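The sequence and the model come first.

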Amino acid sequence: MRLLKWLNDRIVESHTHIPLDAFLIPVSVFSQNIWDLLSLWSDLSKLEVHSETTFNIVDFDDTLFSRYEQLQRNEFQDNRGEEGNKFLREEFGFRKFIEEFYSRSRAVKRILWVVEWQTEKHRSLILTAGMQDLQELKVQSLDISRETVPVVTVDSSHKKPLKMIQYIIKTLGFVPWKIIIYEDRPECFQWEMSALRQLLPRTEIVIDKVVLNPAWSLRQIKSIHQSIYQVSWKK
Ligand SMILES: [Mg+2]
């Protein structure tokens with residue numbers, strides 16, 4: 001006991017953090033170690049929660065815009081992911097690609113309404129994976145208002161959850177009461193849900209998995225599969 005007292009007497013400053021066992025996933029896109037996650041948690045906990053404010057996170061390809069038409073073509077079927085990007089940039093050309101597939105097309109209207117309707121209590125962000133310059137061109141060519149709807153690109157979809165948190169901290173400046181994620185492939189968020197629930201305990205997170213009608217002439221939502229992650233934080 002004497003030894004303990006001796007040690008305690010040497011403590012000049014002490015911070016009490018949330019118990020570490022609350023952070024079950026120290027290694028994820030949020031962190032290489034527990035301190036990355038705690039640092040985000042600390043930044044978020046300083047922000048106000050805006051009650052009744054919804055923040056929409058909207059994917060672009062196959063959520064706002066169907067790639068069905070492109071994928072009928074062999075050169076695009078055979079070149080997906082990194083290879084597809086290389087093929088587009090170096091062989092097919094961005095301008096030709098945009099001109100052929102996006103310029104005379106329209107975004108999925110019902111989601112676009114959600115995206116473009118920006119008010120104090122309803123904010124939206126297009127969060128897309130791919131190449132920044134190409135994704136910007138796509139959004140512009142569909143006449144989505146760039147003045148009201150920000151577009152943020154990550155190089156790989158698994159970085160979307162972290163980017164969303166960074167956007168809340170650095171740009172939004174408040175914690176939304178509700179987040180609705182519109183995605184054709186929401187796995188990137190679902191895999192990180194445990195970390196997200198810990199970082200945003202006061203926010204309900206809704207995932208709307210969007211399935212589009214494939215044919216370009218029927219560019220509309222076929223179905224939405226909704227998952228609701230309720231608030232876990234109690235006052
Ligand atoms: Mg997508």
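**Inside the sheet**

Start with strand β2, residues 122-129: six of its eight residues are buried, so the rest of the structure largely encloses this strand. Here a residue counts as buried if 20 or more other C-beta atoms lie within 10 Å of its own. Keep in mind that the model is predicted.

Now look at the partners of β2. On strand β1 (residues 49-58), five bridges make the link to β2, and the two run parallel.

Ile126 stands opposite Val151 of β3. How does the chain get from β2 to β3? It passes through helix α7 (residues 132-141), and this β-α-β crossover is right-handed.

Step back to the whole sheet. Six strands make it up, in the order β3-β2-β1-β4-β5-β6. The sheet is open, and its pairing is mixed.

Strand β6 has its partner in β5 (residues 204-212). Eight bridges join β5 to β6, and these strands run antiparallel. Find Leu212: it stands opposite Ile221 in β6.

Finally, return to helix α7. It packs on the sheet and touches both β2 and β3. The direction of α7 makes about 145 degrees with that of β3.

Note on methods
Residues are numbered from 1 along each chain as its sequence is written. This is a predicted model: local features need pLDDT of at least 70, side-chain atom pairs count only at pLDDT 80 or more; totals for chains, interfaces and linings use all residues. A residue is buried if 20 or more other C-beta atoms lie within 10 Å of its own, exposed if 12 or fewer, and partly exposed in between; C-beta atoms are placed from the backbone. Helices (H or I, at least four residues) and strands (E, at least two) are DSSP runs, numbered from the N terminus. Two strands pair if DSSP finds at least two bridges between them. A crossover is right-handed if, with the strands pointing away from the viewer, the path from the first strand over the helix to the second runs clockwise. Two residues are in contact if their C-beta atoms, placed from the backbone, lie within 7 Å. Axes are lines fitted to C-alpha atoms, for helices over the stretch in contact, and angles run from 0 to 180 degrees between N-to-C directions.
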